Amino acid sequence: IWAALGGLLLVLASVTILGTINPAFTGFSFKLGEIAKTGAPGGAGAPGAQATIPPSNITHEQAVGQLPNVNVTSSGGCTSQSQANCTSLSGVQPETITEINRLSTEAGCKKGTCNVTGVREVGHNGGTSHINGLAFDFTDDNEKVNTTIQGYAKYKSGTNSNGERQYISASGAVYTRESNHWHVAVQKKS
């Protein structure tokens, strides 16, 4: 019995420490009849990426129509999910559209000043958040966007395994400062 209690104490201490370092490490959702681990959202180097979930039924054009304050751009000028140089919003989750709109509103974006450059197309490293439609990449060439995201400092979670700075917004989205853009992983709502 003492060994079992000692093991339980060790687990509780570990969860407390991990939750202090990065709350996303201990993100669990318990539902009656099932136990579903939500996992830590993330991009390159993020631990515990979410399990693959089915895409939404939204088309690229419908999603773009719901983003009044941003441009959706790609180096290839295309929207195909099967090409890495395209940007595709087909099948994006509603939570991702909500987070893009929240960020663009808080940063004061207008069409032509803020750009989404990656969502569900092939070629993203690490995790399944892009595949699931629960992540987007946002250019860092707008200082208001950078200031807005860095204003989430009170939610700061440190760095990921690649040493990239991360911020957690009030909505729970994890913003990772990658080499030339922001990678944003969004939590799927139950």
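Colleague: What is the handedness of the link of C109 and C114?

Modeller: The link of C109 and C114 is left-handed, with -80° about the S-S bond. This is a predicted model, in which local features need pLDDT of at least 70 and side-chain atom pairs count only at pLDDT 80 or more, while totals for chains, interfaces and linings use all residues. Residues are numbered from 1 along each chain as its sequence is written, and side-chain values use heavy atoms, with hydrogens and water left out.

Colleague: And how many disulfides does the structure hold?

Modeller: It holds two disulfides, a disulfide being a pair of cysteine sulfur atoms within 2.5 Å. One joins C109 to C114, with 2.0 Å from S to S, and C78 and C86 form a disulfide with their sulfur atoms 1.9 Å apart. Counting bonded cysteines along the chain, the pattern is 1-2, 3-4.

Colleague: Why is the disulfide of C78 and C86 left-handed?

Modeller: Because the torsion about the S-S bond of C78 and C86 is about -95°.

Colleague: Are C109 and C114 buried or exposed?

Modeller: Both C109 and C114 are buried, where buried means under 20% relative accessible area, exposed over 50%, and partly exposed in between (1.4 Å probe, protein chains only). C78 also counts as buried, at 18% relative accessibility, and C86 counts as buried at 1%.

Colleague: Changing topic, where is I1 placed?

Modeller: I1 lies in the segment before helix 1 (2-21), helices being DSSP runs of H or I with at least four residues, numbered from the N terminus. I1 is exposed, because its relative accessible area is 82%.

Note on methods:
Helices (H or I, at least four residues) and strands (E, at least two) are DSSP runs, numbered from the N terminus.
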